[in-house]
Amino acid sequence: MSTAAAGTATSRTGGSGIDGSRTSEPHADEPHAGGPRTAKPTAFTVIRRVAWLANAVFWSGVAVREAADHGWPAGTLALVFLIAPDLTFLVGLRDAPHMARGQLPPRAVPFYNAAHRALVPAALIAVLLTVGQAVWAPVLAALCGWLAHISYDRAFGFGLRTKEGFQRD
């Protein structure tokens, strides 16, 4: 870790005591009292992330299969919906320079959280598959791309946000 990064870590987690020991109190002006996550992940966290990664690979595979079977409309929609949930960051773009590191502007949080709930595309897939013959493959590919995006985010530690815009624990 570089000296500058070490100084930043010290200022985010608290200062040093008179004897050089680290204090655990965060600064009063810290917007997120917990500071950056530095704790080792628990076994449950690792298992959960591996499960989300397996889920992501599965939904990516289904999206690719739909694209291969049904051509460029399915592939294009899968790719668009793989990227689209992060476009919610644009809602708070104007406020971004005033936010703490890792904080999403509070105005963008409801949009971000709505686009990153796995239940929404999963329910739409269930509805789409119950329709039977009316299933349009590009829509299924798009929903699979959306679920893959959410699953990759969860696998790499990016979940829903608090109303202040920080990652939920």
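Student: How many helices and strands does the protein have?

Tutor: The protein has six helices and zero strands, where helices (H or I, at least four residues) and strands (E, at least two) are DSSP runs numbered from the N terminus. This is a predicted model, in which local features need pLDDT of at least 70 and side-chain atom pairs count only at pLDDT 80 or more, while totals for chains, interfaces and linings use all residues. Residues are numbered from 1 along each chain as its sequence is written, and side-chain values use heavy atoms, with hydrogens and water left out.

Student: What share of the residues counts as buried?

Tutor: Of the 169 residues, 31% count as buried. Buried means under 20% relative accessible area, exposed over 50%, and partly exposed in between (1.4 Å probe, protein chains only).

Student: Which residues touch the most other members in the largest nonpolar core?

Tutor: They are Trp 59, Ile 125, Leu 140, Leu 143 and Cys 144, in a core of 14 residues. A nonpolar core is a set of buried Ala, Val, Leu, Ile, Met, Phe, Trp, Tyr and Cys residues joined through side-chain atoms within 4.5 Å.

Student: And which helices supply this core?

Tutor: Helices α2, α3 (72-83), α5 (119-130) and α6 (137-155) each supply at least two of its residues. The largest share, eight residues, comes from α6.

Student: What does Ile 125 touch, leaving aside neighbours within four places in sequence?

Tutor: Ile 125 is in contact with Trp 59, Leu 140, Leu 143, Cys 144 and Leu 147; contact means heavy atoms within 4.5 Å.

Student: Is Trp 59 buried or exposed?

Tutor: Trp 59 counts as buried because its relative accessibility is 17%.

Student: New topic: how many aromatic pairs are there?

Tutor: The count comes to four. Rings of Phe, Tyr and Trp (its six-membered ring) pair if their centres lie within 6.5 Å; planes under 30 degrees apart count as stacked, over 60 as edge-to-face and the rest as tilted. One of the pairs is Phe 58 with Trp 59, which is edge-to-face at 4.9 Å centre to centre, with 75 degrees between the planes.

Student: Why is the pair of Tyr 152 and Phe 156 stacked?

Tutor: Their planes are at 5 degrees and their ring centres 6.5 Å apart, so the pair is stacked. Tyr 152 is partly exposed at 27% relative accessibility, whereas Phe 156 is exposed, with a relative accessible area of 55%.

Student: What joins the side chains of Ser 60 and Tyr 152?

Tutor: A polar contact of 3.0 Å joins them. Such a contact is a pair of N or O atoms within 3.5 Å; within protein, one must be able to donate a hydrogen and the other to accept it, and residues adjacent in sequence count only if both atoms are side-chain atoms. Ser 60 itself is found in helix α2 (residues 43-70).

Student: Where is Leu 104 found?

Tutor: Leu 104 is found in the loop between α3 and α4 (109-115). Leu 104 is buried, with a relative accessible area of 3%. Not counting residues up to four places away in sequence, Leu 104 touches several residues, including Phe 89, Tyr 112 and Arg 161.

Student: What does Arg 161 lie over?

Tutor: Arg 161 lies over the face of Tyr 112, at 5.2 Å from the ring centre. A charge sits over a ring if NZ of Lys or CZ of Arg is within 6 Å of the ring centre and within 35 degrees of the ring normal.
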